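The report below takes up a pocket and a cavity in turn.

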Amino acid sequence: MIRLFLLLSMLFSLYGCNHLIFHPEQAHYPIPDDLGIERQDHFFRTSDDQLLHGWFIPAVDTPSKGTIFFLHGNAQNISTHLRAVWWLPHHGYNLFMFDYRGYGHSPGEPSLAGLHRDVPAALDYLFSDLPIDPDKVVVYGQSLGASLAITAAPLSDSFSKVRSVIAEGAFTSYRVVAREALGNWWLTWPLQYPLSLTISDEYRPIDAVADISPVPLLLIQGANDAVISLHHGEDLFKAARQPKQRWVVEHAGHNNALSGETARHEFLGYLDNLLH
């Protein structure tokens, strides 16, 4: 046990806890044809010359009501996270979603510093190069993407044009969420505090959330979220300034708060009221 403890300590010291934050996959999974959506490939560059890949998905069979800039979670790539938002184009909303560096068809290695270059570049590209109404853009992120919506999206030159930031399953701090994840496994429980220190806490959402204002903020979380504890949403909401709302969706878990018909209806109502 002592040897195992020392081995784990050495491995985490060498490689940090990045695997607790980033789980990228390069291969895209097949997208079902029956989704009834058109996906357009787009490529754009970041300020440090990384070439990133994304999809623009126009509203289906109707004039667009607005555009959702979607930031996905920490695992796999946009081909799997599409299942969380594919229904929005059928209700009149364009989608723009992209893969961070190291995910999907975007080369490179993910890092917190890198992702804080990727998100502003993607948002600027959306406003400057895509066929959208620039007065009707909403940022929506899930989990890692929700936290980036709070800390990275405001770094874009275009952020002042955004009509709302919607963060589902956001956390207060990368270091805190890493410590909580380490504490869930008996082998790493004794190491949760020293190992979590290998995670940079430079980009803490709890420090940035107040600066979202005057852009409206909507925090969403499933009441049964087993990945991100409810206290993260509570603390973010307390730290945020008006205008702000917080929804806790009963019977929902992590990243599926909008999977039910009732929650989707309320979400669409929020968007319609916001943009019209």
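The second largest pocket has a volume of about 180 Å³, in a predicted model where local features need pLDDT of at least 70, side-chain atom pairs count only at pLDDT 80 or more, and totals for chains, interfaces and linings use all residues. Residues are numbered from 1 along each chain as its sequence is written, and side-chain values use heavy atoms, with hydrogens and water left out.

On a 1 Å grid over the protein atoms alone, a pocket is an open set of points with protein on both sides within 12 Å along at least five of seven lines, a cavity is a set where a 1.4 Å probe fits but cannot get out, and lining residues have an atom within 4 Å of a point. Volume is the space filled by probe spheres set on the points, which are joined across faces, edges and corners.

The lining of the second largest pocket includes Trp87, Tyr140, Asn255 and Arg264, and helix H3 (78–81) and strand S7 (137–142) each supply at least two of its residues; helices (H or I, at least four residues) and strands (E, at least two) are DSSP runs, numbered from the N terminus.

By the cavity rule there is 1 cavity of 30 Å³ or more. Among the residues lining the largest cavity are Ala167, Gln221, Gly233 and Arg246, and S9 gives the largest share, 3 residues.

| Site | Volume |
|---|---|
| Second largest pocket | about 180 Å³ |
| Largest cavity | about 40 Å³ |

The mean pLDDT (the predictor's confidence in each residue, from 0 to 100) of the protein chain is 89.
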